Amino acid sequence: MKVLVTVKRVVDYNVRIRVKSDGSGVDIDNVKMSMNPFDENSVEEALRMREAGVASEVIVVSVGDAKSQETLRTALAMGADRAIHLNSADTLEPLAIAKLLAKIVEQEDPQVVILGKQAIDDDSNQTGQMLAALLNWPQGTFASKAEFDGDTLTLRRETDAGLETLKLSLPAIITTDLRLNEPRYPKLPDIMKAKRKPIDSIEVDSLGVDTSARLTVLKVDEPPVREAGIKVADAAELVDKLRNEAKVIK
Amino acid sequence: MSILVIAEHDNSHLNANTLNTVQAATQLGDDVHILIAGHQAADVVDAAKAVNGVSKVLHAEHASLADGLAENIAWLVKSLAGDYSHLLTSASNFGKNFMPRAAALLDVMQISDITAVISGDTFVRPIYAGNALQTVQSADSIKLITVRSTSFDAVASAGGAAEVLSLTFDQAYERIEFVSRDVTISERPDLTTAKTITSGGRGVGSKEDFALIEQLAEQLNAAVGASRAAVDAGYAPNDYQVGQTGKVVAPDLYIAIGISGAIQHLAGMKESKVIVAINKDEEAPIFGVADYGIVGDLFEVVPQMIEALQATD
């Protein structure tokens, strides 16, 4: 079976972002960019499916401007077979991206689409569930384990109360949580090899999908800053402060 | 138009986050309804009826709604949406799972994890792990919203007298089956509603030593949390995780023990009223947000704290 994996180019998770002083957004000029961490888990899971003989081909797809191809190259260096770049200069919303991905699913006919549960830039946590809805496929979100047996996917997911196990009939959507696997680092020879792997670039406008924005960002603000407090010498002083100064314990 | 709150529950208890979501709903309009979609959930319907400020409880009863499967709830929500201007649910794992699916069925762009209501179409939501706050205006005719519980005070769970309307729902998505649930059993209070939380990180070092965090929690009648590093290392179960991709908490007192304070962790706890940090590394970023810090070995400091608390009990 074919597996389709989505990857997004985002500000690296170690970068402390700055809000622009005019409130128009976040300053991402000259900031280190990386693959969204959850998407690394997605690519890794698809590669493991191929290595286990479950998947025959791993196709990665990214929506974004030309620089998204760098992120696709990273996925190819990890081991994906080929890539599709949906070129868009505009930042698109999850609903629009889900519609575009549905078109690609129609063309490629994968049995599984694996997406990160959320992107760490806009923290929406929507695209996988939306794509599942548009395709009328079952969804296994926030996955920490996925096992395939013929047309059945047994999926363990993380919930607020613990863990939950579902059985899904393929084709299906998986969204990944961080404990699904440990993503591999691309090795230098694989990075070289990835340069020769194909990236098919498609203009978003050519797909006949309405990608117009539904949300208008009116402004972006800094959150209130929390000031550091004091250091105390020992546990006894701490308990005393919590009891008599902060009054948060009895 | 009316506002619909889709409640989280386990067929016997109404999740407390529903009270925070109702608070957000009352800021949007005064005719607030609650949907209880479940199986043999009469107790939950009774609890929902009593929620202050709610005029109607919609009750959908079917075996296909027993386990919170997004496929079925999204269908139900889609069938009801035409009567409402806004549909809200908690930005919990439950809400995050089904709400975007319902939004796509309705061709609506969901507004995730709101922390404030500005007007009927304008909301504030955190992005970049809460390091920026985005104010967005929606052009969709129906608004689908997930609500960050810690940003809205709970409404009273009693005092209401809503009428109950039974709905007919008999759809069951065929290509998914609920198999089992493995719930972490803890005698400690719920992490998302606790007044005090003791939370352990990588510095705790092992699953066995994590018992120390539990002991302190017991002394303080606190819930227990953990950083991602501690969960990844297997010291604590996944549902303990506090942070950008785990739970967001805002207790009166948050005690971070052996937690360095990565921005992803701070995203889940920096709205706590009082933060205490115990860490042997005085450069740890957690001290930058802590009201009280102790630079020291947690294996010395925490037992001393327990002793000091016992001594004056």
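Guide: Strand S14 (residues 215-221) of chain A and strand S8 (residues 132-138) of chain B run antiparallel and are joined by six bridges. Helices (H or I, at least four residues) and strands (E, at least two) are DSSP runs, numbered from the N terminus. Two strands pair if DSSP finds at least two bridges between them. In this pairing A:Val217 stands opposite B:Val136 of S8(B).

Visitor: What confidence does the predictor give the complex?

Guide: The model is predicted, so local features need pLDDT of at least 70, side-chain atom pairs count only at pLDDT 80 or more, and totals for chains, interfaces and linings use all residues. Residues are numbered from 1 along each chain as its sequence is written, while chains are lettered from A and ligands numbered from 1 in the order in which they are written. The complex has an ipTM of 0.97 and a pTM of 0.96. For chain B the mean pLDDT (the predictor's confidence in each residue, from 0 to 100) is 96, with 99% of residues at 70 or more.

Visitor: How many residues of chain B are in contact with chain A?

Guide: Two residues are in contact if their C-beta atoms, placed from the backbone, lie within 7 Å. By that rule 75 residues of chain B touch 66 residues of chain A. The chain B side holds 37 nonpolar, 21 polar and 17 charged residues. Here Ala, Val, Leu, Ile, Met, Phe, Trp, Tyr, Cys and Pro count as nonpolar, Asp, Glu, Lys and Arg as charged, and the others, Gly among them, as polar.

Visitor: At what angle do helix H6 of chain A and helix H8 of chain B pack?

Guide: Axes are lines fitted to C-alpha atoms, for helices over the stretch in contact, and angles run from 0 to 180 degrees between N-to-C directions. Helix H6 (residues 235-244) of chain A packs on helix H8 (residues 298-311) of chain B at about 50°, with the axes 8 Å apart. H6(A) and H8(B) are therefore oblique; angles under 35 degrees count as roughly parallel, over 145 as roughly antiparallel, 65 to 115 as roughly perpendicular and the rest as oblique. Among the residues in this contact are A:Leu238 and B:Met305. The contact has eight nonpolar residues, one polar and no charged.

Visitor: What is the strand order of the open sheet of six strands?

Guide: Strands of a sheet pair through backbone hydrogen bonds, either parallel or antiparallel. The order is S15(A)-S16(B)-S15(B)-S14(B)-S12(B)-S13(B), with parallel pairing. The edge strands are S15 (230-231) of chain A and S13 (223-226) of chain B.
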